Amino acid sequence: MPRDTALRAYRNFFSSFNTRDPHEFSMALHYPHVRITWRSQPRVIADAEAHALNITWQPFIDQGWDHTNGHEPQVVHTSTDKWHIAGGWTRVRSDDSPILTNFVTYIVTRIDDLWGIQCRYGIDPEPDSKKVEAEIPLRVVDSFRRAIGRRTLDDAWNACGPTVYAIDVGSVRKITSPEELPLREITGGNVELIQSGLHSATFAVTGNLNSALLYLTDENGWRIRAVSWI
């Protein structure tokens, strides 16, 4: 499937996964690549070869998996070389009966005129888990937004951590100190809950000039774990 647009790259992610070919699936991604989740510490993957060597479909097959259906994408933010897309997937059996559903927000980037998945924010719900009450993580996001407006770096960092992943085109940076934190002014910022589970939530902050996609987990109290600016 072509990767000449962000939406085609999103759909190619699932079609290439369904081939069960580690090299073809790995080419659907951009590198360095990272999947952010509350379940485990993120691992930044350097290149397609490293990704292909560490992927197997056998655990899914053992559960009766036949293929994965991608959810209809919802575009959150766009720019010339980066899109934020809310979506997800459902793993199904050969009769299309569902095994597992997940909600994921994808950071899709354009490198050398090819679009690919640079990062994934995974909600990764536990079986029968409820969605989080949005009030607490929303306060964290609002605190982060107001701290940027006041240009108070320490207050912005207090909403984060202990590590934050900054996602950009062709770049994934692990941030461990406030001085490294990438900040852009947000004026007229509208905050929207995009996806949530019991342990994680993704928010969009949409401003007049700059917008951000934030991923929060409750690992150390609700904190921002990843940020992507557009």
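Colleague: Is Phe14 buried or exposed?

Modeller: This is a predicted model, and burial is judged by relative accessible area, with under 20% counting as buried. Phe14 has a relative accessible area of 7% and is therefore buried. Tyr10, at 1%, is buried as well.

Colleague: Where do Tyr10 and Phe14 lie, and what separates them?

Modeller: They belong to helix H1 (residues 6-17) and are four residues apart, so about one helical turn lies between them.

Colleague: How many aromatic pairs are there, and what is the geometry of Tyr10 and Phe14?

Modeller: Planes over 60 degrees apart count as edge-to-face. The count is 14 aromatic pairs. For Tyr10 and Phe14, the ring centres are 5.1 Å apart and the planes stand at 80 degrees, so this pair is edge-to-face. Tyr10 and Phe14 are part of one aromatic cluster, whose members also include Phe60 and Trp65.

Colleague: At what relative accessibility do Phe60 and Trp65 stand?

Modeller: Phe60 is buried at 16%, and Trp65 is buried at 4%.

Colleague: Which residues of helix H5 are buried?

Modeller: Pro137, Val140, Val141, Phe144, Ala147 and Ile148 are the buried residues of H5. Viewed down the helix axis, they fall within an arc of 125 degrees, so they line one face of H5. The face turned away from that buried side carries Glu135 and Gly149, which are exposed.

Colleague: What covers the buried residues of H5?

Modeller: The cover includes helix H6 (153-158) and several strands, among them E7 (160-168) and E10. As to its length, H5 spans residues 135-150 and reaches 22 Å from its first C-alpha to its last, close to the expected 22 Å. Just after H5, Arg151 adopts a positive phi of about 60 degrees.

Colleague: In what sense do E7 and strand E8 pair?

Modeller: As a general idea, side chains in a regular strand alternate between the two faces of the sheet. Here, E7 and E8 (residues 171-175) pair in the antiparallel sense over five bridges. Tyr165 has Lys174 in E8 as its bridge partner. Two residues lie between the strands of this hairpin, where Gly170 takes a positive phi near 70 degrees.

Colleague: Finally, what does the side chain of Ser200 reach?

Modeller: Ser200, in strand E10 (residues 200-206), has 0% relative accessibility and so counts as buried. The side chain of Ser200 reaches the backbone oxygen of Ile123 at 3.2 Å.

Definitions and conventions
Residues are numbered from 1 along each chain as its sequence is written. Side-chain values use heavy atoms; hydrogens and water are left out. Buried means under 20% relative accessible area, exposed over 50%, partly exposed in between (1.4 Å probe, protein chains only). A polar contact is a pair of N or O atoms within 3.5 Å; within protein, one must be able to donate a hydrogen and the other to accept it, and residues adjacent in sequence count only if both atoms are side-chain atoms. The expected span of a helix is 1.5 Å times one less than its number of residues. The arc is that of the directions from the helix axis to the C-beta atoms. Contact means heavy atoms within 4.5 Å. Two strands pair if DSSP finds at least two bridges between them. Rings of Phe, Tyr and Trp (its six-membered ring) pair if their centres lie within 6.5 Å; planes under 30 degrees apart count as stacked, over 60 as edge-to-face and the rest as tilted.
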